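The entries follow in the order in which I made them.

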Amino acid sequence: MKKNGAKIAIVLLSIIILVAGGILAYKIIEDKEEIGTISNEKEEYNTNNNIVTAKLNEEKIKIFKGEDRPIAIMIDNHSDAWPQAGLQDAYMVYEIIVEGGETRLMALFKGANVEKIGPVRSARHYFIDYAMENDAIYAHFGQSPQAESDIKKYNINNINGIYEDGVTFWRVKDKSSPHNAVTSTTKILESAQSKKYNTKSSKESVLKYTIDEIELEEGEEATKITIPHSNLQTVMYSYNKEKQVYERYARNREQKDWVTHETVTTKNIIITMCDNYTLTDTENKGRQGLKNIGTFDGYYITNGKAIKIKCTKNSRDGKTKYQDLNGNEIDVNDGNTFVNICPKDAKIKIE
């Protein structure tokens, strides 16, 4: 009997030990799983939080947001065309030399409702390069032979005022032809939709905008910038420290908005130095070409400071890369930008 009792006691003790061990093992596994779950939740939270933060940052960048496709419109820059309308509402404005030492402007709009833009003038083929890199619908009033050829060659979504005068474009009475054709973003979009052009775009901006205010601490002072595009056209920007923008002048005249009569200003200035040349064509009008494929010297200017940069464009439809001298893509302040493309030997003054 005593032996049987001892055996029973040993068996019971073994069972108790096994059960306790099982409970302990289960607890350890459960704790590990819980730790793993917490870790996964943290990773998921961090990932989601980063996505939310990125989306919030995108919403905070006001100058380039939403899925509206950019609209690029050729703007007359002859002195008889001044003042112009719509430049202040554009997120980017390109200025490039054309025949006779004049320059022409191409203003880009995105998600903006602008009721009067112009005077609108004809296309030049090298402006198409910058319309393509911005994935923009290209609006103009007429074109050079080279532009007409390239619009067909590259299948550019374009709207030509020659064929839509009085519909998408209209003429005003306070200026004389050819400096009196104007349009609006609404009219351009209506025309684009009728032509079955895509009016939405997911393409990222050419410029790398940031919500954090950029101060070019190591840059040189830049409160007055003079850019001679030619003997005829010299642009000057004067820094308004209180408003932190540059006021624009051309040929010693302050440039005003046609509608508001206020001074045209810009937050950012980019200068690219690449040469133009005279084309030989049957019309012999001195039209220009632009040597803009390659890497060129330039400047980025904002908030009263300027730094030297490199501007690289590898193909006509490829995005221009704007990099500092260390090869880093430059951060650009949220705000409008004037891109002045001038000859390599232009005597630029930064004071």
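Entry 1. I looked up the residue opposite Ile270 in this predicted model and found Val339 of strand S22. The two strands concerned, S15 and S22 (residues 337–342), run parallel and are joined by six bridges.

Entry 2. I then turned to strand S18, which covers residues 294–302 and runs antiparallel to S15. Five bridges join S15 and S18. For Ile271, I noted Tyr299 as the bridge partner in S18.

Entry 3. I asked how many residues of S15 are buried. Six of the six residues in S15 (268–273) are buried. I next sorted the residues by face, since side chains in a regular strand alternate between the two faces of the sheet. On one side of S15 I listed Asn268, Ile270 and Thr272, and on the other Ile269, Ile271 and Met273. Both faces are covered, as all of these residues are buried.

Entry 4. I searched the whole structure for disulfides and found zero. Cys311 is in no disulfide, and the nearest cysteine sulfur, that of Cys274, is 8.4 Å away. I recorded Cys311 as buried because its relative accessibility is 1%.

Methods. Residues numbered from 1 in each chain as written. Predicted model: local features only at pLDDT ≥ 70, side-chain atom pairs only at ≥ 80, totals over all residues. Heavy atoms only, no water. Disulfide = S-S within 2.5 Å. Buried < 20%, exposed > 50% of the residue type's maximum accessible area, 1.4 Å probe, protein only. Helix = DSSP H or I, 4+ residues; strand = E, 2+ residues; numbered from the N terminus. Pairing = 2+ DSSP bridges.
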